[in-house]
Amino acid sequence: MAENHNNPASNPVYSSPGILVAGHFNEPFGYATVRPRGTRDWLLTFTISGQGEYRLDGRTITCREGDVIVLPPGTPHHYYTPEGYRWEFYWVHFIPEPEWSDLLRTPSGSESTHPLLQFQVEHKLTFERILTAFQRLLQYSLDKASDYFQRRLTLGAMEEILLLLARMSQQPVHMDPRIEEVLQYLSSHLKETHTIESLARRVLLSPSRLSHLFREQTGDAVMDTLLQLRLRHAARLLEHTTLLVAEVAEEVGFRSPFYFTKQFTAAFGDNPTTYRSKREPSK
């Protein structure tokens, strides 16, 4: 089969280490990319929702929410949206920096002619971090100001994704069930007002113990994590609904639209209105 050049991911241009080409697709049945000879770079896909499939060495690999596939250079592949599904995913073609080699070790002794890296991101906070890093990666890679700083910011976001995946695979986090409960509760009650004290009572811990244990387990403070979760959900609402900015702010727990706009702009580099306009289909 000949290589499919009908989408931007099919034929990126590469020249030197560190160059990145990235995108965000949400494709219905009928979408497919076929590369019988693979590519000269690495390919990473991160499934956000729906379902996609890879065909590699005569086997089929199904991709659902949280699945990450990393293909080394020269790996023949065919990926597509199966019948009855949409597939929403981020993709990035990249030529690694030299110091990333330890993060991209493919399995030894694999029966496959073309080994690959496969991850399932089950932890909600890790999922959110990788998703946010991809948002930044895409923003930086499309920045019109192509300079040293833009390049370093882009590479930094890519490295963060690889580090998060490597840490997840090499050092599995056995999370305290009380911290897991707090994270799940925050994720499903973004609109409500939360305090350290009220969350601590919920899991029968003192506020100081909850704060210490939460940071130890997740690497972030409770309220910082809540802010990240609210802003990430706000970004989804801006992309996929017609809610007014003030309504989005209220939906994710901000009492002040002005404060929401300030925090959103600091996190994503654009105010909510600009962020939405850049992601409209006609843009």
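Tutor: We start with a definition: two strands pair if DSSP finds at least two bridges between them. Helices (H or I, at least four residues) and strands (E, at least two) are DSSP runs, numbered from the N terminus. The model is predicted, so local features need pLDDT of at least 70 and side-chain atom pairs count only at pLDDT 80 or more, while totals for chains, interfaces and linings use all residues. Residues are numbered from 1 along each chain as its sequence is written, and side-chain values use heavy atoms, with hydrogens and water left out.

Student: What makes β3 and β6 a pair?

Tutor: Strand β3 (residues 42–50) and strand β6 (residues 67–71) are joined by 4 bridges and run antiparallel. Because the definition asks for at least two bridges, these strands count as paired. Within this pairing, Thr-45 has Ile-69 of β6 as its bridge partner.

Student: Which strands are the edge strands of the open sheet?

Tutor: The sheet has 5 strands in the order β1-β8-β3-β6-β9, with antiparallel pairing. Its edge strands are β1 (20–28) and β9 (117–120), since each pairs on one side only.

Student: Why is His-78 called buried?

Tutor: Buried means under 20% relative accessible area, exposed over 50%, and partly exposed in between (1.4 Å probe, protein chains only). The relative accessible area of His-78 is 15%, so this residue is buried. His-78 is placed in strand β7 (residues 77–80).

Student: How do you know that Glu-97 and Arg-151 form a salt bridge?

Tutor: A salt bridge requires a side-chain nitrogen of Lys or Arg within 4 Å of a carboxyl oxygen of Asp or Glu. The closest N and O atoms of Glu-97 and Arg-151 are 3.6 Å apart, and the pair therefore qualifies. Glu-97 is in the loop between β8 and β9, and Arg-151 is in helix α2 (residues 148–170), 54 residues apart.

Student: Are these two partners classed as buried or partly exposed?

Tutor: Glu-97 has 11% relative accessibility and so counts as buried. Arg-151, at 35%, counts as partly exposed.

Student: What makes Lys-191 and Glu-251 a link between separate parts of the chain?

Tutor: Their side chains meet in a salt bridge at 3.8 Å, N to O. Lys-191 lies in the loop between α3 (177–188) and α4 (196–202) and Glu-251 in helix α7 (residues 245–251), so the pair ties together parts that are 60 residues apart in sequence. Lys-191, at 47% relative accessible area, is partly exposed.
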